[in-house]
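Subject: Structure for your review

Dear colleague,

Please find below the structure I am handing over to you. My notes on it follow directly after the sequence and coordinates.

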Amino acid sequence: PVASQGGAINQHGCVLLCAADRIIIGCGSYDLGSAVKEMKAPVSYTNSNLNWPLRMVALSNNASNVAVAGHCGLAVCNTSRNVQKWRLFGSTAEEKSMHVRCFFWCSNTVLAVLCNVAGQGEQLYLFPHDHVAMSAVLHTQALPTGCVPSVAGYCGLTGTVVLWTAAKESLPARLDVCHLSLDFSYEQGVAFNVPVPGQTAQ
């Protein structure tokens, strides 16, 4: 699920809550018992006025990885480890150059980030779960002209990404549909085949 200063629930019954500097993940059921984990975002990320409070958080479908973001950059953590190890951009310049609009996990190990990158405009980046850096980007794709998404949805069966741009000033709201052909087996360590983009705007 994806939550923005609120909460969400996924198809496996995992509840995700987002607060100013931490997240709470609850998985399970009343019958089987539940496990609740509180994870505080790294201070090195949230101590910036740009990234406090947290604006959004996304949990992978199997609840093994979580990503959080303020305004710039992002932080990723494996939820299954006893000791929390957050992965951040090693470069402050890279982090500040990326204004995150929204994001989602398009597999349990690949995070799709829709963002505005200084000098490049609106982009979709695919990051591996274990390395947050521009040099680690698996794929990048420019978004349709005029698309500034505030919400994104993804269908893994068809590789369809639906982007919602809210109305702003004199511009009307719009819906864009992009296609990502994710023909890869990153989870098994097999080479990543570059997606073939296709789009239908408005």
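This is a predicted model: local features need pLDDT of at least 70, side-chain atom pairs count only at pLDDT 80 or more; totals for chains, interfaces and linings use all residues.

**The open sheet**

Strands S10, S11, S12 and S13 make up an open sheet of 4 strands, arranged in that order and paired antiparallel. The edges are held by strand S10 (98-105) and strand S13 (139-142); each has a single partner strand, so one side of each lacks a neighbour in the sheet. On average, and ignoring direction, neighbouring strands here are turned by 25 degrees against each other.

The antiparallel pairing of S10 with strand S11 (residues 110-117) comprises 7 bridges. Within it, His 99 has Asn 116 of S11 as its bridge partner. As a general point, strands of a sheet pair through backbone hydrogen bonds, in either a parallel or an antiparallel arrangement.

The loop that links S11 to strand S12 (121-128) contains Gly 119. This glycine has a relative accessibility of 88% and therefore counts as exposed, the cut-off being over 50%. Between Gly 119 and Ser 97 the C-alpha to C-alpha distance is 8.7 Å, with a separation of 22 residues in sequence.

Asn 65 belongs to strand S7 (residues 65-69). With a relative accessibility of 2%, Asn 65 counts as buried, because the cut-off is under 20%. A polar atom of the Asn 65 side chain lies 3.0 Å from the backbone oxygen of Asn 108.

**The S14-S15 hairpin**

Strand S14 (residues 151-155) pairs with strand S15 (residues 160-165) through 5 bridges, again in the antiparallel sense. Opposite Tyr 154 stands Val 161 in S15. The two strands, S14 and S15, form a hairpin with 4 residues between them. In the turn, Gly 159 has a positive phi of about 70 degrees.

**The second largest pocket**

The second largest pocket holds about 240 Å³ of space. Its lining consists of 11 residues, and those nearest the centre of the pocket are Gly 146, Thr 165, Ala 166, Lys 168 and Leu 171. By class, the lining of this pocket has 6 nonpolar, 3 polar and 2 charged residues. Thr 165, one of the residues nearest the pocket centre, falls within the range given for S15 (residues 160-165).

With kind regards

Terms used:
Residues are numbered from 1 along each chain as its sequence is written. Side-chain values use heavy atoms; hydrogens and water are left out. On a 1 Å grid over the protein atoms alone, a cavity is a set of points where a 1.4 Å probe fits but cannot get out, and a pocket is an open set with protein on both sides within 12 Å along at least five of seven lines; lining residues have an atom within 4 Å of a point. Grid points are joined across faces, edges and corners, and a volume is the space filled by probe spheres set on the points. Ala, Val, Leu, Ile, Met, Phe, Trp, Tyr, Cys and Pro count as nonpolar, Asp, Glu, Lys and Arg as charged, and the others, Gly among them, as polar. Two strands pair if DSSP finds at least two bridges between them. Axes are lines fitted to C-alpha atoms, for helices over the stretch in contact, and angles run from 0 to 180 degrees between N-to-C directions. Buried means under 20% relative accessible area, exposed over 50%, partly exposed in between (1.4 Å probe, protein chains only). A polar contact is a pair of N or O atoms within 3.5 Å; within protein, one must be able to donate a hydrogen and the other to accept it, and residues adjacent in sequence count only if both atoms are side-chain atoms.
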